[in-house]
Amino acid sequence: MNKTIRRASVFCLLMVLALLVRATWVQGYEAKALADDEHNRRNTIAQYAQPLGDIIVAGSPVTGSKGTSGGDLRYKRTYTQGELYAAVTGYSSQAYGATQLEGIHSDVLDGTDDRLKNPKDLITGGQAKPGNVLTTIDPGVQKAAYAALGDDKGAAVAIDPKTGRILGMVSTPSYDPSKISGTADGDAWQKLLEDSDKPLVNRALRQPLAPGSTFKLVVAAAALENGLYGSVDERTDSPDPYTLPGTSTVLRNENASAPCENATLRTALQYSCNNVFAKAAADLGQDKVKEMADAFGFDTEKLDVPVRAAKSVYPTDMDKAQTALTGIGQFEVTATPLQMAMVTSALANGGELAAPHMVSSVTDGDGTALEETEDGDTKRVVEEKTAEQLRSAMVTVVEEGTGTNARIAGAEVGGKTGTAQNGVDNSNTPYAWFTSYAKDDSSGKEVAVAVIVEDSGSARSEVSGNGLAAPIAQKMMKAALKR
């Protein structure tokens, strides 16, 4: 054979072998990665090839599907009362992907999850009947929160303390996911992105802010658990005004006439005395306060409900003055409404925190459970005696103190107000907070709630936890108790 032809033949053979090896590598090793690639159009086509499964609230779907005309995406997502439930569902968009429950459970909702397939589907690669996601949301609580927040910028969360079930989750301003579910919704999408109020951000889970005086509950718990004070009715060693340690900065109370000098923890919570809790935090030290905060859920990297919540933070590496400021929920302390609802939920539940969750089960198209979330998966945060004392003090706040707008006739209601500084030197409108619990002994129903109003349009002098946030919490609690 001609030498040149022989070399060309060997070269061609090597090229064929290289192609075979590459094809085998792609089909065998990289197949799944390529199939799962976000740029693979086939995934989107498969996702919208049939009506999607539904997200269910109290037995009724709050989502749906409708056929499209033209193109290779046969169906698109629709929403019932989309703005009301957007903080729960998220969105499923043909153009912009999926978020929250829509994103987490997309494989079940579009029928591509292998658990939905019968043996024939697994062999042929056929698509199964979509499944559904059943939530823990109480529509009455959800509607009460959404209506009460109204045009305010803020968020609210309600939890069943015994089970950890999230009964309500609202973030305002909201948006209608139906308006961005198709492929030709660019204008609506851009408008949402450019909105300075950030309606796409779930403030209930994803925007931790300074909790202000609601954090005093955590400091009070640390003071009792660590023996700094024996009870909520023992007088504290708290000068008024209080000078931050190592500085000449004087920390004063909002109400100059309040009986805050050496006040008990009960009185200090009732009047929201800054001097008492700043000094308590400084006396305890940052490590003990952080240990208590972390027990309630602060600094948890992966808090999934199942949507991942942003981490609420108790800072470290502080001097004593900075530690004192954390005692009133300032300096670098941040919390989400979910986190503050977890604090009052644990206190309402005798010191045990039930893991918060808003999905009870995920089912196939015939209603058979693929996965279920256990209610009442608890961990002890504080001793029962501590929780009992703090509940008693919180009742005093509502009955005789700064939280009177949360009262509910015939129910036990305890709470804590907060007005958190916002901006350099508190230059922006403060945040109004309220965190609370309510129990109805006659029915056995109970609920824990946290509300933040970031901006209501009110004058600065009118911003307070009791004035803005407590009425919202009260309406949510009444709805949960069915009163």
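1. In this predicted model, the side chains of Glu-454 and Arg-203 meet in a salt bridge, at 2.8 Å from N to O. Glu-454 belongs to strand β20 (residues 445-455) and Arg-203 to helix α10, so the pair ties together parts that are 251 residues apart in sequence. Both partners are covered: Glu-454 is buried, with a relative accessible area of 9%, and Arg-203 is buried too, at 3%.

2. Other salt bridges follow. A search of the whole structure finds 18 of them. One joins Lys-153 to Asp-197, where the closest N and O atoms are 3.5 Å apart. This pair links distant parts of the chain, 44 residues apart: Lys-153 is in strand β8 (residues 153-159), and Asp-197 is in the loop between α9 and α10 (203-206). Lys-153 counts as buried, at 18% relative accessibility, because the cut-off for buried is under 20%. Asp-197, at 29%, is partly exposed.

3. Arg-380 and Glu-352 form a further salt bridge, with their closest N and O atoms 3.1 Å apart. Arg-380 lies in strand β17 (residues 378-380) and Glu-352 in strand β14 (residues 352-354), so parts of the chain that are 28 residues apart in sequence are tied together. Arg-380 is partly exposed, at 40% relative accessibility, and Glu-352 is partly exposed as well, at 26%. Elsewhere, Asp-54, Arg-77 and Glu-102 are linked in a network of salt bridges. Side chains of opposite charge can pair when their charged atoms come close.

4. The largest pocket has a volume of about 800 Å³. It is lined by 32 residues, and the closest to its centre are Ser-213, Glu-254, Asn-274, Thr-419 and Ala-420. The elements that give two or more residues to this lining are β18 (412-420) and α18 (465-481). β18 gives the most, with five residues. By class, the lining has eight nonpolar, 19 polar and five charged residues.

5. How much of β18 is buried? Seven of its nine residues are, and the strand is mostly covered. β18 runs antiparallel to strand β19 (residues 431-440), and nine bridges join the two. Gly-414 has Tyr-437 as its bridge partner in β19.

6. A separate point concerns an open sheet of five strands, in the order β2-β1-β7-β15-β16, with mixed pairing. Which strands stand at the edges? They are β2 (60-61) and β16 (369-372); each has a single partner strand, so one side of each is left without a neighbour in the sheet. β1 (residues 55-57) pairs with β2 in the antiparallel sense over two bridges. In this pairing, Val-57 stands opposite Ser-60 of β2. Strands of a sheet pair through backbone hydrogen bonds, either parallel or antiparallel.

7. Among the buried residues of α11 are Lys-216, Leu-217 and Val-218. Helix α13 (residues 274-284) is mostly covered, with ten of its eleven residues buried. Asn-274, Phe-277 and Lys-279 are among these buried residues. The buried residues of α13 pack against α11, β10, β11, α12, α14 (286-296) and α15 (320-326).

8. Each of these helices is followed by a glycine with a positive phi. After α11 comes Gly-227, with phi near 75°. After α13 comes Gly-285, with phi near 90°.

9. Most residues other than glycine have a negative phi, and most peptide bonds are trans. Gln-100 has a positive phi, near 55°, and is not a glycine. Gln-100 lies in helix α5 (residues 100-104) and is buried, at 14% relative accessible area. Asn-262 also has a positive phi, about 55°, although it is not a glycine. Asn-262 is in the loop between β11 (250-251) and α12 (265-271), and at 24% relative accessibility it counts as partly exposed.

10. Where are cis peptide bonds found? One runs from Thr-172 to Pro-173, with omega near 0°. Pro-173 sits in the loop between β9 (166-172) and α9 (186-194). Another joins Asp-240 and Pro-241, with omega about 0°. Pro-241 lies in the loop between α11 and β10 (242-243).

Terms used
Residues are numbered from 1 along each chain as its sequence is written. This is a predicted model: local features need pLDDT of at least 70, side-chain atom pairs count only at pLDDT 80 or more; totals for chains, interfaces and linings use all residues. Side-chain values use heavy atoms; hydrogens and water are left out. On a 1 Å grid over the protein atoms alone, a cavity is a set of points where a 1.4 Å probe fits but cannot get out, and a pocket is an open set with protein on both sides within 12 Å along at least five of seven lines; lining residues have an atom within 4 Å of a point. Grid points are joined across faces, edges and corners, and a volume is the space filled by probe spheres set on the points. Helices (H or I, at least four residues) and strands (E, at least two) are DSSP runs, numbered from the N terminus. Ala, Val, Leu, Ile, Met, Phe, Trp, Tyr, Cys and Pro count as nonpolar, Asp, Glu, Lys and Arg as charged, and the others, Gly among them, as polar. Two strands pair if DSSP finds at least two bridges between them. Buried means under 20% relative accessible area, exposed over 50%, partly exposed in between (1.4 Å probe, protein chains only). Contact means heavy atoms within 4.5 Å. A salt bridge is a side-chain nitrogen of Lys or Arg within 4 Å of a carboxyl oxygen of Asp or Glu.
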